[in-house]
Amino acid sequence: MVYAVEKRDEAVDLINKNAIRFHLDNIKTVSGSAPQVLEELPAPTHVFVGGSSGNIKEIIRTVIRKNPHAVIAATAVSLEAISELTTCVNDMKFEFHVTAVNVSRDRKAGEYHIMSAQNPIYIFCIRACKAADSFCEALF
């Protein structure tokens, strides 16, 4: 079962529409903010944090308290979020790796198309326990 936690109503609607569109019966949308709503959910095995609203440390602590073997993937695009995630996992002495993904999109320049770089996305793969599953094996 996949639980999608989302605090914005329009995003909850979009998740639900996409689940129907792609015939996904294993997605349950939970309206609210993490880490508060995580308390009501079953212990996770894998967690993806796409935005933490400044609560990344509390989210990670809640996940690991519920399941010390959980694997967490978290993204960051701002320097502040990268710093916050790095500090958090270092302070908690967790094993982690970071992958930067760079995307470029084409744009017309006269008769030509040139690629314009977008902001890089940093993907943190975090494991509190070395015995955690191989979700991020390719990154380790």
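Does Phe124 count as buried or exposed, and at what relative accessibility? I looked it up: Phe124 counts as buried, at 1% relative accessibility. Buried is under 20% relative accessible area, exposed over 50%, and partly exposed in between, with a 1.4 Å probe and protein chains only.

I noted the basis. This is a predicted model, in which local features need pLDDT of at least 70 and side-chain atom pairs count only at pLDDT 80 or more, while totals for chains, interfaces and linings use all residues. Residues are numbered from 1 along each chain as its sequence is written, and side-chain values use heavy atoms, with hydrogens and water left out.

Aromatic pairs. I took rings of Phe, Tyr and Trp (its six-membered ring) as paired if their centres lie within 6.5 Å, with planes under 30 degrees apart stacked, over 60 edge-to-face and the rest tilted. I found 1 aromatic pair by this rule. The ring centres of Phe96 and Phe124 are 6.0 Å apart and the planes are at 15°, so the pair is stacked. Phe96 lies in strand 5 (residues 95–101) and Phe124 in strand 8 (residues 121–127), 28 residues apart. Phe96 is partly exposed, at 22% relative accessible area.

Helix 1. Helices (H or I, at least four residues) and strands (E, at least two) are DSSP runs, numbered from the N terminus. I looked up the buried residues of helix 1 and found Ala11, Val12 and Ala19. They cover an arc of only 105° around the axis (directions from the helix axis to the C-beta atoms), which puts them on the same side of helix 1. The face turned away from the buried side carries the exposed Asp9, Glu10, Lys17, Ile20 and Arg21. After helix 1 comes His23, with a positive phi near 55°.
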